[in-house]
Amino acid sequence: MGSAGPVRSVGGMNENHARVCSSPEWAAYIQGEILPSLTDQADLGDDMLEIGPGPGAATEWLRHRVKRLTVLEVDDEAAGKLADRYAGGNVEVAVGSGAKLGYPDGSFDSVGCFTMLHHVPTVALQNKILAEAFRVLRPGGMLIGSDSLASNDLRHFHSGDTYNPIEPAPVLGRLQTLGFDKITVMVDGILKFVARKPTGPGACGAEPVPEPGAEAAA
Ligand SMILES: C[S@@+](CC[C@H](N)C(=O)[O-])C[C@H]1O[C@@H](n2cnc3c(N)ncnc32)[C@H](O)[C@@H]1O
């Protein structure tokens, strides 16, 4: 995700994102580097939820590695395109926010969120998404995620769009507070994380701690 160009808004993303996230270069990067390094450390199981699939670069790779892939996208136009593309296959597309998941506790073996948390306007709302991921994971289920590191170039790139980059250092504490264990946070050009929902008494999780002064809007 490089230089800032035109910034007109398209659906939930500005035009820079629409262009980059749907490009073959982005698909090659996320499928060739990011996802394999995460799935090396996490068994996805049969049922996976992906939050914020956008144009579907990760979806396309993940759908070959699980029996059923549910993708939840807040932008109904992006969700509609994915629903058309994957009709009749093993991908179920839903429209909604990762901050309020309509799935029962323990529904999924794994949850993934890639390059999407920085589009969530507050830390409180990001924590709500991570808490919901925890809730819908079965005990022993795995969360995998990635995001870009903060930079001025990326701030310009997101002009006219939400840009709330994730600080890597607090991620471990944020995930641990929500109840996750076996947490790995990696920084190698981007931020990557893997965490497990415990199988023991810790599996009950915790309410996300509200960001000071922030509205916990969904
Ligand atoms: C930069 S795109 C990343 C797309 C894809 N995950 C990838 O890495 O190629 C971020 C996506 O997250 C979606 N998104 C943002 N907030 C969301 C939320 N609260 N729930 C679900 N999707 C969300 C946006 O609409 C957008 O499609």
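Helices (H or I, at least four residues) and strands (E, at least two) are taken as DSSP runs, numbered from the N terminus. The model is predicted: local features require pLDDT of at least 70, side-chain atom pairs count only at pLDDT 80 or more, and totals for chains, interfaces and linings use all residues. Residue numbers start from 1 along each chain as its sequence is written.

Thr-115 sits in the loop between strand E6 (108–114) and H5. Burial was assigned from C-beta atoms placed from the backbone: a residue is buried with 20 or more others within 10 Å of its own, exposed with 12 or fewer, and partly exposed in between. Thr-115 is buried, with 23 other C-beta atoms within 10 Å. Lys-182 belongs to strand E8. Lys-182 is partly exposed, because it has 13 C-beta neighbours inside 10 Å.

Helix H7 spans residues 171–178, and its buried residues are Val-171, Arg-174, Leu-175 and Leu-178. These residues lie on the same side of H7, because they cover an arc of only 95° around the axis. The arc is that of the directions from the helix axis to the C-beta atoms. An α-helix has 3.6 residues a turn, so residues three or four places apart point the same way. The buried residues of H7 pack against helix H5 (123–136), strand E8 (181–187) and strand E9 (190–196). Contact here requires C-beta atoms, placed from the backbone, within 7 Å. Gly-179 follows H7 and has a positive phi, near 115°.

Definitions and conventions:
Contact = placed C-beta atoms within 7 Å.
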